[in-house]
Amino acid sequence: MSTATHRPHDAHPHRHGATCGHQSVEHGDHVDYVHDGHLHRAHDGHWDECEPTAHVRHTRHEHRHGDLCGHEAVPHGDHVDYLHDGHRHAAHEDHWDDH
């Protein structure tokens with residue numbers, strides 16, 4: 001799984017948590033919160049944008065994600081990720097990427 005860049009989300013007064021109303025996503029050693037089409041993670045007293053730093057292809061993935069696939073959909077910028085086996089999958093060309 002790729003690591004996230006350190007990009008503080010400035011001027012973010014909202015405090016994410018179990019009752020904040022935003023979708024939460026387990027992501028490695030932390031929890032991301034879906035907010036306005038991107039993912040936020042807590043970091044040293046502020047919120048960062050949690051985005052992958054590299055293209056990570058998910059190999060041997062036969063399953064096709066979509067509206068009825070049974071996996072939780074996560075809006076992410078201009079596309080939708082799907083939660084599967086503890087990580088997010090995103091369609092990319094003819095394969096799925098790990099986000």
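In strand E9, the bridge partner of Tyr82 is His89. Strands, like helices, are DSSP runs numbered from the N terminus (strands are E runs of at least two residues; helices are H or I runs of at least four). Tyr82 belongs to strand E8, and E8 (residues 79–84) pairs with E9 (residues 87–92) in the antiparallel sense over 4 bridges. Two strands are said to pair if DSSP finds at least two bridges between them. The model is predicted, so local features need pLDDT of at least 70 and side-chain atom pairs count only at pLDDT 80 or more, while totals for chains, interfaces and linings use all residues. Residues are numbered from 1 along each chain as its sequence is written, and side-chain values use heavy atoms, with hydrogens and water left out.

E8 and E9 are part of an open sheet of 5 strands, with the order E6-E10-E9-E8-E7 and antiparallel pairing. At the edges of this sheet stand strand E6 (57–58) and strand E7 (73–76), each of which pairs on one side only.

Strand E2 (residues 24–27) and E3 are joined over 4 bridges in the antiparallel sense, and Ser24 stands opposite Tyr33 in E3. The hairpin of E2 and E3 has 2 residues between the strands, and Gly28 takes a positive phi near 65° there. Strand E3 (residues 30–35) also pairs with strand E4 (residues 38–43), antiparallel and over 4 bridges. Within this pairing, Arg41 in E4 is the bridge partner of Asp32. The hairpin of E3 and E4 likewise has 2 residues between its strands, with Asp36 at a positive phi near 55°. E4 in turn pairs with strand E5 (residues 46–49) in the antiparallel sense over 4 bridges, and His40 stands opposite Glu49 in E5. The hairpin formed by E4 and E5 has 2 residues between the strands, and Asp44 in the turn has a positive phi of about 50°.

Strand E3 is mostly covered, since 5 of its 6 residues are buried. Buried means under 20% relative accessible area, exposed means over 50%, and partly exposed lies in between (1.4 Å probe, protein chains only). In soluble globular proteins, nonpolar side chains tend to be buried together. The largest nonpolar core here has 6 residues, namely Val25, Val34, Leu39, Cys50, Val74 and Leu83. Such a core is a set of buried Ala, Val, Leu, Ile, Met, Phe, Trp, Tyr and Cys residues joined through side-chain atoms within 4.5 Å. Leaving aside residues up to four places away in sequence, Val25 touches His30, Val31, Asp32, Val34, Val74, Leu83 and Arg88; contact means heavy atoms within 4.5 Å.

A pair of aromatic rings is described by the distance of the centres and the angle of the planes. The structure holds 1 aromatic pair. In this pair, Tyr82 and Trp96 are edge-to-face, at 6.5 Å centre to centre and with 85° between the planes. The two residues are 14 residues apart and link distant parts of the chain, with Tyr82 in strand E8 and Trp96 in strand E10 (residues 95–98). Rings of Phe, Tyr and Trp (its six-membered ring) pair if their centres lie within 6.5 Å; planes under 30 degrees apart count as stacked, over 60 as edge-to-face and the rest as tilted. Both Tyr82 and Trp96 are buried.

Strand E10 also contains His95. His95 counts as buried because its relative accessible area is 7%. Its side chain makes polar contacts with the side chain of Asp94 at 3.2 Å and with that of Asp97 at 2.9 Å. A polar contact is a pair of N or O atoms within 3.5 Å; within protein, one must be able to donate a hydrogen and the other to accept it, and residues adjacent in sequence count only if both atoms are side-chain atoms.

Val56 is found in the loop between E5 and E6. With a relative accessible area of 21%, Val56 is partly exposed. Val56 and His89 are 33 residues apart in sequence, and their C-alpha atoms are 10.0 Å apart in space.

Cys20 is buried, with a relative accessible area of 19%, and Cys69 is buried, with a value of 18%.
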